[in-house]
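Have a look at the model below and turn it around a few times. We'll go through it piece by piece, beginning with a pair of side chains.

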Amino acid sequence: MKIGLISDTHGDKERMTRALELLKDTECLLHAGDLYRDAMWLQQHYAGAVTAVTGNGDPAKAGPDERLLKLDQFSILLCHGHTHRVQRSLTHLYYHGLEKKADVVIFGHTHVPVVMKEELVMINPGTTSRGRSVHGHTCGILETGTRPSVVILNLITGRPVLQMAL
């Protein structure tokens with residue numbers, strides 16, 4: 001299964017459209033927050049299911065703060081990350097993921113793409129709207145098949161900026 005990963009879209013429909021072009025072969029889309037209403041827009045323009053969580057830019061009760069999903073063989077924790085202070089350290093979110101028995105944690109908030117593997121895999125697909133890293137605007141694909149992997153793609157070039165076999 002190919003899962004599209006997107007975060008921190010902040011209402012930028014032009015860049016969300018570009019991300020959808022890069023993610024057109026994915027079967028579902030996970031949106032890691034900011035803005036929850038963008039996930040509703042994405043659902044109207046994407047063939048598969050869109051699952052989303054709220055971020056710090058969303059009004060209270062706009063949607064769920066986090067979701068625990070089972071996709072293929074993976075238990076995936078989807079959250080924005082701001083309540084776990086990911087802008088300072090990934091430690092709190094890492095241990096939260098372990099508590100939830102997640103195999104993969106997908107988060108956003110920092111606008112900086114991350115792919116790391118310890119006891120669990122932590123992925124931040126970066127941002128489609130306000131790049132804060134040398135990688136610019138990004139989105140990602142998590143592949144769960146016989147050769148699980150993740151790739152983070154530059155929105156402009158479509159080329160991988162980070163990738164890892166899982």
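Which residue forms a salt bridge with Asp 12? The partner is Arg 15, and the closest N and O atoms of the two are 3.1 Å apart. A salt bridge here is a side-chain nitrogen of Lys or Arg within 4 Å of a carboxyl oxygen of Asp or Glu. Side chains of opposite charge can pair when their charged atoms come close. Arg 15 is partly exposed, with a relative accessible area of 28%; that label covers the range between buried (under 20% relative accessible area) and exposed (over 50%), using a 1.4 Å probe and protein chains only.

Before going on, a word on what you're looking at: this is a predicted model, where local features need pLDDT of at least 70, side-chain atom pairs count only at pLDDT 80 or more, and totals for chains, interfaces and linings use all residues. Residues are numbered from 1 along each chain as its sequence is written, and side-chain values use heavy atoms, with hydrogens and water left out.

A search of the whole structure turns up 3 salt bridges. Another of them joins Glu 21 and Arg 18, again at 3.1 Å from N to O. These two sit 3 residues apart in helix α1 (residues 13–22), so about one helical turn separates them. Glu 21 is partly exposed at 42% relative accessible area, and Arg 18 is partly exposed at 25%. Then there is the salt bridge between Lys 100 and Glu 66, with 3.7 Å from N to O. Lys 100 lies in the loop between α3 and β6 while Glu 66 belongs to strand β4, so this pair ties together parts that are 34 residues apart in sequence. Both ends are partly exposed: Lys 100 has a relative accessibility of 36%, and Glu 66 has 26%.

Now step back to the whole chain. It has 3 helices and 11 strands, where helices (H or I, at least four residues) and strands (E, at least two) are DSSP runs numbered from the N terminus. Reading from the N terminus, the order is β-α-β-α-β-β-β-α-β-β-β-β-β-β. The C-alpha atoms fill a box of roughly 40 × 35 × 30 Å along the principal axes. For 166 residues, a compact globule would have a radius of gyration near 15 Å, and the 14 Å of this chain agrees with that; the radius is taken over C-alpha atoms, and the rule is 2.2 Å times the number of residues to the power 0.38. Buried residues make up 52% of the 166.

Next, find the open sheet of 5 strands, which has mixed pairing and the order β4-β5-β6-β8-β7. Its edge strands are β4 (66–71) and β7 (114–117), each pairing on one side only. From one strand to the next, the twist averages 15°. Two strands count as paired if DSSP finds at least two bridges between them.

Start at the β4 end. This strand and β5 (residues 74–79) pair in the antiparallel sense over 6 bridges, and Leu 68 stands opposite Leu 77 in β5. Further along, β6 and β8 pair in the parallel sense over 3 bridges, with Val 121 in β8 as the bridge partner of Val 104.

Lying across β4, β5, β6 (104–106) and β8 (121–124) is helix α3 (residues 91–99), which runs at about 140° to β5. That angle is between N-to-C directions, on a scale from 0 to 180 degrees, with axes as lines fitted to C-alpha atoms and, for helices, over the stretch in contact.

Finally, look for Leu 5 in strand β1 (residues 2–6). Is Leu 5 buried or exposed? It counts as buried, at 0% relative accessibility. Leaving aside neighbours within four places in sequence, the residues in contact with Leu 5 include Leu 23, Leu 29, Ile 106, Ile 123 and Val 150, contact being heavy atoms within 4.5 Å.
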